[in-house]
Amino acid sequence: MSYPAARPVTFSVNGVSHTLSLAPWVTLLDALRERLRLTGTKKGCDHGQCGACTVLCNDQRILSCMTLAVMKQGAAITTIEGIATGDTLHPLQQAFIDHDAFQCGYCTPGQICSAIGMLREGKARTRTEVKELMSGNLCRCGANKTIIDAIMEVKESYE
Amino acid sequence: MNNFDYLQPQSVSEAVDQAGTNDSNRFIAGGTNLLDLWKYDLLHPAALIDINQLPALNSITETAEGGLRLGALCTNAATAYHPLVEERYPLLSKAILAGASAQIRNMATNGGNLLQRTRCYYFYDPAVPCNKRNPGSGCPAIGGYNRMHAILGASDQCIAVFPSDMCVALAALNAVVLVTGQQGDRSIPFADFHRLPGDQPALDNTLLPGELITAIDLPPNRFATNYSYLKLRDRHSYAFALVSVATALDLDGDTIREARIALGGVAHKPWRNELAEQFLQGKAAIEANFAAAADILLQGAQGYQHNGFKIPLAKKAIIRNSLMALDPASQLPGAQPSA
Amino acid sequence: MQSTPTVGKPISRLEGILKVTGAARYAAEYEVPDLLHGYVVNSTITKGSITRIDTTQAMAVEGVVHIFTHENRPRLAWFDLQYADMDAPPGTVFKPLHDATIHYNGQPIALVIAQDVETARYAASLLTIEYEETSFDTCLNDNLHKARKPKKGLASVMKSPPPKPTGDVKKAFQQSAAQVAAEFRHSTEHHNPMELFATTTVYEGDGQLTIYDKTQSTINNQLYVANVFGLKYKYVRVLAPFVGGGFGSGLRPQYQLFLCVMAALQLKRSVRLVLDRKQMFSFGHRPQNVQRLHFSADDKGQLTGLSHTAFSATSQFEDYAETVSEWSHKLYPAPHTSFDYQLVSLDLHTPVDMRAPGGNSALHAIECTMDELAYKLGIDPLEFRLRNYADEDPSTGKPFTSKALRACYQLAAEQFGWHQRNPQPASMKRGNKLVGYGMATGIWDAFQFPARVEAMIDQEGKLVISNATTDIGTGTLTIMTQIAADEFGLPIEQVNVHYGDSKKPFSMFQGGSATTASTGSAIVIAAQALKKKLWKIAKGMDGSPLAKAGEADVAFDSGQIYLRHDPSVAISLAAIVAANKGRPIKTTNMGKPHLLKLRKYAKATHSAAFVEVEVDAELKTITVTRAVTAVAAGKIINPKTARSQIEGSMVWGISKALHEATILDEKLGKFMNPNLAEYHIPVHADIHELDVIFADEPDEIINELGVKGVGEIGLVAMPAAIANAVYHATGKRFYNLPIHFNELL
């Protein structure tokens with residue numbers, strides 16, 4: 001079966017507008033990684049089971065592996081590459097380094113993007129609630145404790 | 001993982017026209033289950049009809065009779081955190097927040113939630129027989145590893161369970177599903193929406209090919225004070241239920257005016273039994289009565305090699321969740337058992 | 001002039017900024033012009049052969065470049081030995097696309113190459129494959145009667161067969177005051193690093209390849225590729241500066257490397273191949289096992305007999321073996337012992353080492369049996385361990401190079417509050433929850449492998465250290481930098497470490513918790529040799545103030561060589577390089593274990609884990625509410641990264657005890673949960689208080705640095721400590737892992 005494969009799709013990534021010619025079956029994750037070379041967003045399962053591909057879409061955390069790029073026409077996407085301001089790290093990025101909140105680093109971009117989305121949602125009050133609302137991001141190195149420590153530090157400094 | 005066409009209708013009627021009655025044209029909203037199934041080679045859509053640009057489906061409004069109408073396109077998160085839902089249907093909020101992950105809830109829609117397919121291992125492996133996927137091929141789950149499978153309403157063709165949490169609450173709340181299609185609009189009482197496998201396990205629900213869910217209506221009720229959702233699973237979050245319970249109580253002092261109990265993770269659809277609820281009517285809200293209601297609700301339950309535990313677990317879960325409903329503040333994040 | 005030492009300081013990971021900004025590139029993330037993409041097709045039967053494989057429809061898809069199958073693969077090396085990597089067990093290595101034979105379910109049988117990954121994936125779904133199926137066996141339990149001794153081979157060096165029996169363990173069991181017989185079963189587990197296995201092969205022309213690979217050994221994979229494809233070693237370069245977790249899965253070259261390189265060579269193009277999560281369950285796992293233990297003790301609580309027999313699954317083509325049965329006798333003395341380890345060949349892929357292979361399964365069984373025995377004797381479980389404490393290795397009588405296990409017990413017990421425990425099972429409650437305390441001992445080997453390091457002072461006077469090792473998240477880059485910096489008294493900013501590259505001097509593989517001991521020791525040796533060289537050159541410089549200084553008279557600090565008794569007399573390293581006509585000064589040296597000296601000693605790391613669980617009184621859900629692990633592992637170079645290693649392995653312990661298992665349907669002969677939704681590893685909501693204590697354990701003998709390694713020791717004690725805590729909470733003992741909460745109903 002062949003379809004009129006590629007079609008233009010325009011969305012912004014980290015404040016820069018991109019128009020890509022994409023087949024409808026290209027996921028946002030693959031568009032970011034393979035077309036835009038923004039490989040900071042990770043593919044861990046490609047099925048919405050690990051959270052490594054988490055990006056912010058119009059300020060909401062979503063899974064880029066479970067999204068078709070064509071569905072994001074006009075959206076504003078933020079990836080891990082767009083979190084810092086110039087050379088100044090986002091407080092969460094710094095807190096992750098300070099707390100050693102990663103080992104292999106592969107889940108880290110997703111954890112950080114997810115945490116930014118979680119703080120913005122403003123639904124978590126306690127450490128227990130933060131853990132629950134961050135549970136969509138797996139970490140096989142077992143850095144769970146320091147990840148939550150890092151997030152709690154930033155959360156408390158915001159409040 | 002086949003290639004497919006991609007359509008962007010500008011109205012509900014255009015969407016319905018594009019779908020036709022061809023089952024291989026699929027609506028896509030959040031995509032969190034549909035794309036998962038497509039990537040696993042379990043679903044081969046000819047066209048995906050993207051309904052995300054249809055604002056008519058994307059609002060939560062009050063109904064004339066004092067209930068709420070939840071747009072099919074509203075995300076699970078937007079629904080769970082909506083002030084009117086939190087105020088009038090907190091049971092629904094709790095159930096939604098017990099499902100999936102925060103990211104998925106930001107994407108997944110109310111309509112899509114109803115259409116999730118089972119997580120049965122054998123359904124998910126296109127290389128093995130499965131009556132749900134390939135009617136008549138057999139059910140390896142019945143004699144295989146069936147820890148997650150059904151104890152109620154199963155058939156000799158299929159013992160899969162329906163994985164949604166949200167729908168367990170919707171079942172308890174007597175929701176009504178509004179759909180539209182080429183034959184026009186209709187509303188389906190929630191109990192009639194999902195079906196048991198019987199000898200047609202391929203059919204999860206009573207939606208006709210090409211029909212589109214437009215909204216879910218919640219009738220007014222008096223369950224905003226005493227309610228609880230409890231979910232038991234193999235880790236404390238981000239896992240499908242082995243057993244879940246939605247309980248809603250309307251109390252008159254210590255006496256139960258009306259009760260609703262729905263179970264998740266035990267059958268091909270959210271499981272209710274009005275006899276159990278009728279039993280509680282007018283009775284004291286005490287453990288012994290909830291235990292007796294649990295026995296009625298679990299009548300006919302049958303375990304397989306690895307899931308027999310679900311019967312005693314469900315009973316204990318019903319009792320605990322009833323007590324949690326008497327003290328909703330005892331509910332914990334992730335719908336874990338009260339401390 | 002006295003720089004601050006960095007060893008022992010909690011320095012943040014040097015590559016941290018790259019990891020938190022998304023700039024760290026993993027194997028699938030290198031931008032290469034004109035890249036082709038591959039997708040693997042896997043067998044859907046368990047055993048038999050392919051009778052027909054039709055690629056016509058797939059080849060017709062626009063953008064498909066080539067499809068490799070066993071029928072059209074290029075001719076390759078045919079000696080099995082040439083496929084044998086450094087970690088290959090005895091047997092015949094699996095060779096992808098070798099012939100029509102199917103050895104296991106999920107075996108790679110075709111590779112589709114296309115212009116983009118979506119096209120390759122789609123075309124892969126269009127292959128028509130017909131099989132002839134034959135009967136298979138994947139059930140360990142049904143085949144225990146076929147158990148046999150493992151074949152011996154190179155890999156047996158690290159995993160020696162169990163020792164001979166001593167005394168009469170059967171009689172001891174029958175005649176002792178107390179005894180416990182128990183059988184334990186463990187499920188198959190998969191490593192599931194977050195990063196998918198991937199290879200990017202850059203075709204450089206002239207038979208040269210640059211390969212970005214997910215591996216725990218750049219050199220192992222370089223040798224493998226060169227041997228299999230008949231290339232010169234120097235023309236094959238394997239790079240792995242960032243590895244998204246390994247846990248053992250990257251110790252052997254996996255099939256995506258073979259297939260990717262094969263395609264690149266045949267097509268003379270650069271190729272990328274990434275496996276999907278389901279395929280991550282198709283190349284090696286921790287094997288399922290059955291363990292039978294018979295422990296006995298006298299009425300004073302002294303162990304009299306230790307008997308441990310283990311049965312483990314392997315493939316039909318390789319004898320993967322682990323050290324399982326004899327660990328108890330490295331911890332506890334007993335006059336009567338018997339240890340046995342046997343394999344059962346099944347129609348599955350060969351297992352591959354997974355974090356604390358062998359010990360992880362063994363210690364669960366041993367320490368649960370010890371707990372049960374302590375209860376039979378009416379002795380506190382910690383006291384029972386102390387009564388059987390061994391200052392020397394009971395299995396050999398040799399002294400340990402160091403052993404601070406006693407301190408581990410004391411420190412962890414005190415921090416945990418073990419003395420508050422009511423020994424009566426099911427006696428402690430908190431609201432709806434039963435509370436249980438459990439403890440267990442951990443032991444792991446202290447390996448050191450040979451490693452070569454190049455140490456160099458460059459024109460700016462900076463120290464440059466090179467070694468082929470990877471850093472799979474262990475903190476290796478940071479630790480190597482600290483060790484090197486301290487050798488020269490330099491701040492870490494003045495040290496560059498080059499790693500993750502097969503072009504750099506030899507490193508074996510990043511496994512067995514051995515990297516710091518191996519590469520770290522080699523850094524010390526190379527640094528010392530470089531200092532000697534620098535001293536000699538400095539002496540000979542025109543008008544050198546150090547002309548008469550002997551080697552012992554000088555020292556290095558802050559980028560200078562200086563006279564010990566008069567530090568004002570100094571020459572900068574940059575000046576020495578300038579005097580060397582601007583040529584960097586370097587040396588390459590080998591570090592290796594001091595085998596002769598070490599022969600007289602036993603060497604091990606130890607740990608003690610104390611765990612609190614809450615079990616819901618009715619629903620039986622289990623939560624590990626807090627855990628304290630004390631570790632004795634020699635000198636800790638970086639307490640920050642070391643703590644993370646231990647905490648991470650404690651999470652692995654929780655996972656093994658309560659969550660993870662690969663479901664094997666023995667009728668279908670295949671794994672049924674090859675995904676991260678149903679292969680459960682803990683989520684944030686499962687992990688609560690974790691505390692780590694490092695016991696002071698000076699070790700002058702083990703190696704130049706006095707280090708042992710912390711990658712695995714944090715895991716081994718945890719599963720038993722959790723199971724023992726569940727027993728204490730509920731009065732029920734569980735012998736199979738994971739413990740599903742519903743089993744308590």
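This is a predicted model: local features need pLDDT of at least 70, side-chain atom pairs count only at pLDDT 80 or more; totals for chains, interfaces and linings use all residues.
**Entry 1: a helix pair in chain C**

I started with H8(C) and H17(C), which cross in a right-handed sense. I looked up the spans next: H8 covers residues 359-377 of chain C and H17 covers residues 718-730 of chain C. Their axes come within 8 Å, and I get a crossing angle of roughly 35°.

Then I listed who touches whom. From H8(C) I have C:Leu363, C:His364, C:Glu367, C:Cys368, C:Asp371 and C:Tyr375, and they meet C:Pro719, C:Ala720, C:Ala723, C:Asn724, C:Tyr727 and C:His728 of H17(C). Sorted by class, this contact of H8(C) with H17(C) holds seven nonpolar, three polar and two charged residues.

**Entry 2: chain A against chain C**

I moved on to the interface. Chain A puts 51 residues into the contact and chain C puts in 58. I read the buried area between the two chains as about 4400 Å², with 53% of it from carbon and sulfur atoms. On the chain A side, A:Arg37, A:Gln103 and A:Arg140 supply 20% of the area that chain A buries against chain C, more than any other three residues.

A:Arg37 turned up again: its side chain forms a salt bridge with that of C:Glu31, at 3.7 Å from N to O. I count ten salt bridges between chain A and chain C, and 28 residue pairs in polar contact across the interface, both residues at pLDDT 80 or more.

**Entry 3: helices on the chain A side**

I checked which helices of chain A reach chain C. H5(A) gives the most, with five residues. By class, I get 21 nonpolar, 15 polar and 15 charged residues on the side of chain A that touches chain C.

Notes
Residues are numbered from 1 along each chain as its sequence is written. Chains are lettered from A and ligands numbered from 1 in the order in which they are written. Side-chain values use heavy atoms; hydrogens and water are left out. Axes are lines fitted to C-alpha atoms, for helices over the stretch in contact, and angles run from 0 to 180 degrees between N-to-C directions. Helices (H or I, at least four residues) and strands (E, at least two) are DSSP runs, numbered from the N terminus. A crossing is left-handed if the near helix is turned anticlockwise from the far one by less than a right angle, and right-handed if clockwise. Contact means heavy atoms within 4.5 Å. Ala, Val, Leu, Ile, Met, Phe, Trp, Tyr, Cys and Pro count as nonpolar, Asp, Glu, Lys and Arg as charged, and the others, Gly among them, as polar. Buried area is the accessible area (1.4 Å probe) that two parts lose on being put together, summed over both. A salt bridge is a side-chain nitrogen of Lys or Arg within 4 Å of a carboxyl oxygen of Asp or Glu. A polar contact is a pair of N or O atoms within 3.5 Å; within protein, one must be able to donate a hydrogen and the other to accept it, and residues adjacent in sequence count only if both atoms are side-chain atoms.
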